Amino acid sequence: MPEPANPPATTIQPAETPPPHDPYEVLRIADYRAFLTGWFFAVMGSQMQSVAIGIEVYTRTRDAYYLGLVGLSQAIPLLLLAIPAGSLADRFDRKKIAIGTLVVSILCALTLAVAVHRGWPLRVLYGTLVVSGVQQAVGWPARQTLIPRIVPKRLFSNAATWNSSAFQIACIAGPVIGGLVAARFLPLAFLLYAAGSAFFITQLLRLKGDFRPEAPPPGTLRLGRFQELLEGCRFVYGTKLLFATVLLDLLAVLFGGAVYLLPAFSEALGTGKPGVGWLRAADAIGALAMAVWIAHRPPMKRAGRNLIVAVIGFGVFTVAFALSHNFWLSFLFIAACGACDSVSVVVRQTLVATLAPDQMRGRVAAVNTVFISASNELGGYESGLAARWFGLRPSVVFGGMASMAMVGIVVRKFPEIYRLGSLADLKSASVRRGQADPASAPQLPASDLPGAAAEAG
């Protein structure tokens, strides 16, 4: 049969083009801007206080071990209270908990200002830091769970990136200002922290809406009080991707972190009290540069691979910092560590906000808090103890090498990390009988499996 002279034209449907990525979309939400602004000044003040405490302790003792005790004083209450605090955040109004703990932080800052000004014994400083650790343990899960109530789910990753950016800006300005203030009148650093916390309270009071936790969905097994405390642990452990990510971050920073030893390194480099602030700020400068770069790109498509490379880089640059005898090279290596750590922060915060159901976000955030406190504060104590045993520089070299070794161990045990693809494709896990539902685990697109050619995030 002959073909028609003019065959009908085939209609080709144009491919659907995704909307352009808007890095500033979350900043157009008024409640989020209020939260971010208040949190920024509170973090900046806490960084000033941290620098001032380190300078005061090292000036009195000239022993890096006592710098490690600063971390231990804050780690103990976090480790003991973070899990119960998560349950508290899943039972009561989270905004009220956040405001109450900020009031305690103001009282602690004022106590430290008086103690330093009058030369009270170190045990008073350590005791006040323990109380400050208590308020941090109770308040942290509640503050973390405010964001999902004021930001749409599709913007969680964008909010996590801007949270990281604001945090790093505060960690640049805070230490620099803290170091300069400490060189003139050290107690003023604690007073500025109290002022920043007070401002955060005013911003939280502006937030609209109901911040009480949602009731558990029908069919969810109600647990006893003690079992309920452990429910967040079960969820994190049952969600292997989340557990592997926080475990990798814990081990890397536990061994490789040298933040608490910076007053000793500053003295070795001959930079004095302002040098402590600049070295502390270097970490945040690198992290901020990385966070801004991530914020202006679409969500990571190969988040797992990026995370692994970042943690290895963290260990490499930690070793380089320990071996450096030049201030500007040391500054550069710490900045590189901060850039690597920023990748880990964005991935981990996005996983916590996305995978955890609202009715248990407080407990999941509390477990995350335990991991973070164990890596940062306990890592500070480990660094101080290692410095007393092996010397300042050898202890940090060993820590950086141990961080790199941890990557291979964790990825071998949990290959889910490498297979983590786009952060935009994550799905919330449901909770039944206190455990994550495997059927609702994050789905990884085929293009993100090992060996596939996919664009790096």
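Among contacts in the chain between residues at least 6 apart in sequence, what percentage join residues at least 24 apart? It's 87%, where a contact means heavy atoms within 4.5 Å.

Before I go on, a word on what we're looking at: this is a predicted model, so local features need pLDDT of at least 70 and side-chain atom pairs count only at pLDDT 80 or more, while totals for chains, interfaces and linings use all residues. Residues are numbered from 1 along each chain as its sequence is written, and side-chain values use heavy atoms, with hydrogens and water left out.

Okay, the overall picture. We have 16 helices and 2 strands in the chain; these are DSSP runs numbered from the N terminus, H or I of at least four residues for helices and E of at least two for strands. Of the 457 residues, 58% count as buried, meaning under 20% relative accessible area with a 1.4 Å probe, protein chains only. The chain exposes about 19,800 Å², with carbon and sulfur atoms supplying 65% of that, by the Shrake-Rupley method with a 1.4 Å probe.

Now, the holes. There are 3 cavities of 30 Å³ or more. A cavity here is a set of points, on a 1 Å grid over the protein atoms alone, where a 1.4 Å probe fits but cannot get out; lining residues have an atom within 4 Å of a point. Grid points are joined across faces, edges and corners, and the volume is the space filled by probe spheres set on them.

Have a look at the second largest cavity, with about 60 Å³ of space. The elements giving two or more residues to its lining are α9 (240-256), α12 (303-323) and α13 (327-355). Among the lining residues are Asp 249, Phe 314, Cys 340 and Asp 341. By class, that lining has 6 nonpolar, 1 polar and 2 charged residues; Ala, Val, Leu, Ile, Met, Phe, Trp, Tyr, Cys and Pro count as nonpolar, Asp, Glu, Lys and Arg as charged, and the others, Gly among them, as polar.

Staying with helix α13, Thr 350 sits there too, and Thr 350 is buried at 1% relative accessibility.

Last, two loops. Thr 145, between α4 (122-144) and α5 (147-150), is buried at 2%, and a polar atom of its side chain lies 2.9 Å from the backbone oxygen of Ala 142. Arg 62, between α1 (30-61) and α2 (64-89), has a positive phi of about 55 degrees without being a glycine. Most residues other than glycine have a negative phi.

Terms used: Buried < 20%, exposed > 50% of the residue type's maximum accessible area, 1.4 Å probe, protein only. Polar contact = N/O pair within 3.5 Å; in protein donor to acceptor, adjacent residues only side chain to side chain. 1 Å grid on protein atoms, 1.4 Å probe; cavity = no way out; pocket = protein on both sides within 12 Å on 5 of 7 lines; lining within 4 Å.
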